[in-house]
Amino acid sequence: MQSIKKRLVWQTLLVIILIVTLLEGFFILAVRQYYYGSTEQMLLNRAGVAVSFYNRYLPDDSSGLLIKDKARYVLENIPRDETARVEIMDWKGNLIAVHNGLVTRQKVSTPDFQQAVKGSTGIWRGREEGSDERILAVSTPLQNWQNDVVGVLRYVASLEDTDKTVIKITSAALTLGLLVILLSMFLSLWLARGIIHPIQDITAVAGRMAGGNFDVKAVKQRDDEIGQLADTLNYMSEEIVKSDRVKNEFISSISHELRTPLTSIKGWAETVLEGSLEDKQETREGLTIISRETDRMIDLVEELLDFSGLHTGRIQLHQGKVPLDRLLQEVVRQFTIQAGEKNIQLDLQTAPMEITGDYNRLKQVFINLVHNGIKFTPAGGRVAVYSLQTGEAVRITVEDNGEGMEEEDLPRVTEKFYKARMNRPGSGLGLAIVEEIIKLHRGELEIQSKPGWGTRVTITLNQHLPENKISPKE
């Protein structure tokens with residue numbers, strides 16, 4: 001497996017090498033063009049001046065002058081400080097005269113001469129025959145009054161000094177480019193180290209977390225994406241610890257909730273089996289307790305199944321017209337006896353109104369809320385249910401003047417398995433199920449509570465749902 005560090009370094013280095021190579025190439029081409037181009041342009045200008053003189057003052061062959069005689073006049077008008085060697089040849093390439101140089105050959109046949117013989121200026125770079133010196137030659141045709149080529153004017157400049165200058169600049173540029181690449185490589189290694197080391201630290205922390213050690217925390221070194229990853233990993237660790245704690249609390253709570261009815265069922269079952277079956281009162285009492293405790297266990301299991309189905313989106317609404325006033329009346333009537341046994345006043349205030357929703361699921365919501373109100377309200381207290389229609393929305397409130405909840409518990413009361421006090425009865429799923437059902441109905445749930453003041457739960461529902469089936473995960 002190739003590490004991120006190696007990929008990062010090599011990719012960065014390849015990009016830098018490509019950029020440096022392109023810049024070096026353009027720079028070297030520009031340098032060569034400047035030096036060689038300048039020399040070439042100089043020779044072209046001087047050759048043009050000399051040919052202009054020839055064509056202006058010596059165009060007519062009627063004077064009887066031959067090309068070798070005219071060459072003397074041309075060379076005499078060349079400046080004394082001319083650094084280039086000037087050669088004049090006839091159209092066959094025979095060297096006639098030379099200015100500012102020694103004659104090392106008697107005939108010229110280079111490409112520039114061949115081009116000039118054809119009537120156009122020729123340019124050639126190469127090594128001179130005899131001296132093996134690198135030269136730049138510019139040849140221009142000399143024509144008579146009939147535009148026939150009678151000779152060639154050739155300017156020759158040495159490129160030795162120019163080559164040395166170009167090589168020197170090119171070497172300096174290549175050395176600088178190599179230094180830039182080496183420096184970039186070290187900078188890439190340094191930058192990659194700064195990126196990879198925090199990732200390696202986070203990876204090590206994640207590995208320890210995977211082994212079950214959630215006390216370890218990732219160190220946030222910078223406020224960037226890697227720092228955000230460290231925060232996310234720490235948050236995940238905290239959530240896992242929290243979930244694990246909730247799970248343990250849930251297991252403890254469910255174990256207690258199940259142990260109590262199971263103990264009663266087992267005890268009374270043994271009593272019935274061992275006792276006198278002729279004692280009908282005792283047998284009926286025992287069977288009644290067994291039935292009631294069995295119902296408690298069934299309710300607990302159903303709560304777990306309901307929450308699981310609602311939370312995963314497997315349960316959806318079966319919509320229909322719901323007479324809200326009748327539904328609330330049924331719920332209140334169901335708890336009238338229980339409220340009377342605890343000497344709790346149970347009030348209902350509603351008016352005829354109809355909404356779209358799932359009748360049974362909404363009934364489950366209000367049964368849960370009223371049951372909680374009665375359960376946590378002491379004798380002599382009051383539980384009230386009332387509804388109010390405002391435009392397209394309906395608000396249903398269930399409030400009590402019971403023991404209430406602490407402020408820090410309010411944000412968490414709808415969390416699964418959460419109970420403000422572990423000694424409270426129940427699974428801690430009731431309000432979590434209520435919230436999921438209200439979400440299915442596109443409604444809102446608001447809980448207000450203070451110790452000694454009581455609790456008020458307000459549900460806001462729209463009268464019409466947009467879809468027939470809605471998942472709580474949407």
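**Close-up views of a predicted model**

**View 1. Ile67 and the residues it touches.** Setting aside neighbours within four places in sequence, Ile67 is in contact with Tyr54, Asp90, Ile96, Leu142 and Val150. The model shown here is predicted. Find Ile67 in helix H2, which covers residues 67–76. Is Ile67 buried or exposed? Its relative accessible area is 17%. The cut-off for buried is under 20%, so Ile67 counts as buried. Now look for Gln143. Ile67 and Gln143 are 76 residues apart in sequence. In space, their C-alpha atoms are 10.0 Å apart.

**View 2. The aromatic pair of Tyr34 and Tyr35.** The structure has one aromatic pair. Its rings belong to Tyr34 and Tyr35, with centres 5.0 Å apart. The ring planes stand at 90°, so the pair is edge-to-face. How exposed are the two partners? Tyr34 is exposed, and its relative accessible area is 54%. Tyr35 is partly exposed, with a value of 27%.

**View 3. Helix H7 against helix H9.** H7 spans residues 324–334, and H9 spans residues 359–375. The two helices pack at an angle of about 45°. Their axes are 10 Å apart. That angle makes H7 oblique to H9. The crossing of H7 and H9 is right-handed. Which residues make the contact? From H7 come Leu324, Arg326, Leu327, Leu328, Glu330, Val331 and Gln334. From H9 come Tyr359, Leu362, Lys363, Phe366, Ile367 and Val370. Sorted by class, the contact of H7 with H9 has nine nonpolar residues, one polar residue and three charged residues.

**View 4. Helix H9 against helix H10.** H9 also packs with H10, the helix of residues 430–440. The axes of H9 and H10 come within 10 Å. They cross at roughly 145°. What is the handedness of this crossing? The crossing of H9 and H10 is left-handed. On the H9 side, the contact is made by Arg361, Gln364, Val365, Asn368, Leu369 and Asn372. On the H10 side, look for Gly430, Leu431, Ile433, Val434, Ile437 and Ile438. How many residues of each class does the contact of H9 with H10 have? There are seven nonpolar, four polar and one charged.

Definitions and conventions
Residues numbered from 1 in each chain as written. Predicted model: local features only at pLDDT ≥ 70, side-chain atom pairs only at ≥ 80, totals over all residues. Heavy atoms only, no water. Helix = DSSP H or I, 4+ residues; strand = E, 2+ residues; numbered from the N terminus. Buried < 20%, exposed > 50% of the residue type's maximum accessible area, 1.4 Å probe, protein only. Contact = heavy atoms within 4.5 Å. Phe/Tyr/Trp six-rings, centres within 6.5 Å; stacked < 30°, edge-to-face > 60°. Axes fitted to C-alpha atoms, helices over the stretch in contact; angles between N-to-C directions. Parallel < 35°, antiparallel > 145°, perpendicular 65-115°, else oblique. Left-handed = near helix turned anticlockwise from the far one by under 90°. Nonpolar A, V, L, I, M, F, W, Y, C, P; charged D, E, K, R; others polar.
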